[in-house]
Amino acid sequence: ESIATSLSKNSGLNPIETVSRLKKEQLTSGNHFIGVDALDMGISDMKKQHVFESLNSKKQQIQLATQVTKMILKIDDVIKPDEAMEN
């Protein structure tokens, strides 16, 4: 829902109306490939437009998020001993 809302906002559409129509269309048609179409300014079947998010890209996103989290935790470990010495 947050992705559809963001796409609607960025496309200049009314996000509440667009997401409502999107959910209604998905439920009535049973087609979960219906999504926000930024080019035609509305909703349409993303499968027919050949818009997919591959498993590879999802894996890379998760790996990158994990790496960033590890880096942040390492920074916290480095900062905490210095803070203890100041007190």
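Q: Does Ser44 count as buried or exposed, and at what relative accessibility?
A: The model is predicted. Ser44 has its place in strand S2, residues 42–45. Buried means under 20% relative accessible area, and exposed means over 50%. Ser44 therefore counts as buried, at a relative accessibility of 19%.

Q: What distance is given for the polar contact that joins the side chains of Asp37 and Gln49?
A: Asp37 is found in strand S1. Leaving aside neighbours within four places in sequence, Asp37 is in contact with Gly42, Ile43, Ser44, Met46 and Gln49. The side chains of Asp37 and Gln49 are joined by a polar contact of 2.9 Å.

Q: Is Asp37 buried or exposed, and at what relative accessibility?
A: Asp37 belongs to strand S1. The limit for buried is under 20% relative accessible area. Asp37 is therefore counted as buried, with a relative accessibility of 4%.

Q: What is the relative accessible area of Ser8?
A: Ser8 is placed in helix H1. Its contacts, leaving aside neighbours within four places in sequence, are Leu13, Pro15, Thr18, Val19 and Val36. Ser8 is buried, and its relative accessible area is 0%.

Q: Which residues is Thr18 in contact with, leaving aside its neighbours within four places in sequence?
A: Thr18 lies in helix H2. Thr18 is buried, with a relative accessible area of 3%. Leaving aside neighbours within four places in sequence, Thr18 is in contact with Ser8, Leu13, Val36 and Ile43.

Q: Which residues make up the largest nonpolar core?
A: Helix H2 (15–29) and strand S1 (34–37) each supply at least two residues of the largest nonpolar core. One of the core residues is Leu13; beyond four places in sequence, Leu13 touches Ser8, Thr18, Val36, Met41 and Gly42. The six residues of the core are Ala4, Leu13, Val19, Leu22, Ile34 and Val36.

Q: Which element gives the largest share of the lining of the largest pocket?
A: About 570 Å³ of space lies in the largest pocket. Of the 18 residues that line this pocket, the closest to its centre are Ile3, His32, Ile34, Gly35 and Met46. The elements that give two or more residues to the lining are helix H1 (2–10), H2 and S1. The largest share, four residues, comes from H2.

Q: In what order do the elements of the protein run from the N terminus on?
A: The secondary structure of the protein comes to three helices and two strands. From the N terminus on, the order of these elements is α-α-β-β-α.

Q: What share of the residues of the protein count as buried?
A: The accessible surface of the protein comes to about 7300 Å², and 58% of this belongs to carbon and sulfur atoms. Among the residues that count as buried is Ser8. Of the 87 residues of the protein, the share that count as buried is 18%.

Note on methods
Residues are numbered from 1 along each chain as its sequence is written. This is a predicted model: local features need pLDDT of at least 70, side-chain atom pairs count only at pLDDT 80 or more; totals for chains, interfaces and linings use all residues. Side-chain values use heavy atoms; hydrogens and water are left out. Buried means under 20% relative accessible area, exposed over 50%, partly exposed in between (1.4 Å probe, protein chains only). Accessible areas come from the Shrake-Rupley method with a 1.4 Å probe; for residues, only the protein chains shown count as cover. A nonpolar core is a set of buried Ala, Val, Leu, Ile, Met, Phe, Trp, Tyr and Cys residues joined through side-chain atoms within 4.5 Å. Contact means heavy atoms within 4.5 Å. On a 1 Å grid over the protein atoms alone, a cavity is a set of points where a 1.4 Å probe fits but cannot get out, and a pocket is an open set with protein on both sides within 12 Å along at least five of seven lines; lining residues have an atom within 4 Å of a point. Grid points are joined across faces, edges and corners, and a volume is the space filled by probe spheres set on the points. A polar contact is a pair of N or O atoms within 3.5 Å; within protein, one must be able to donate a hydrogen and the other to accept it, and residues adjacent in sequence count only if both atoms are side-chain atoms.
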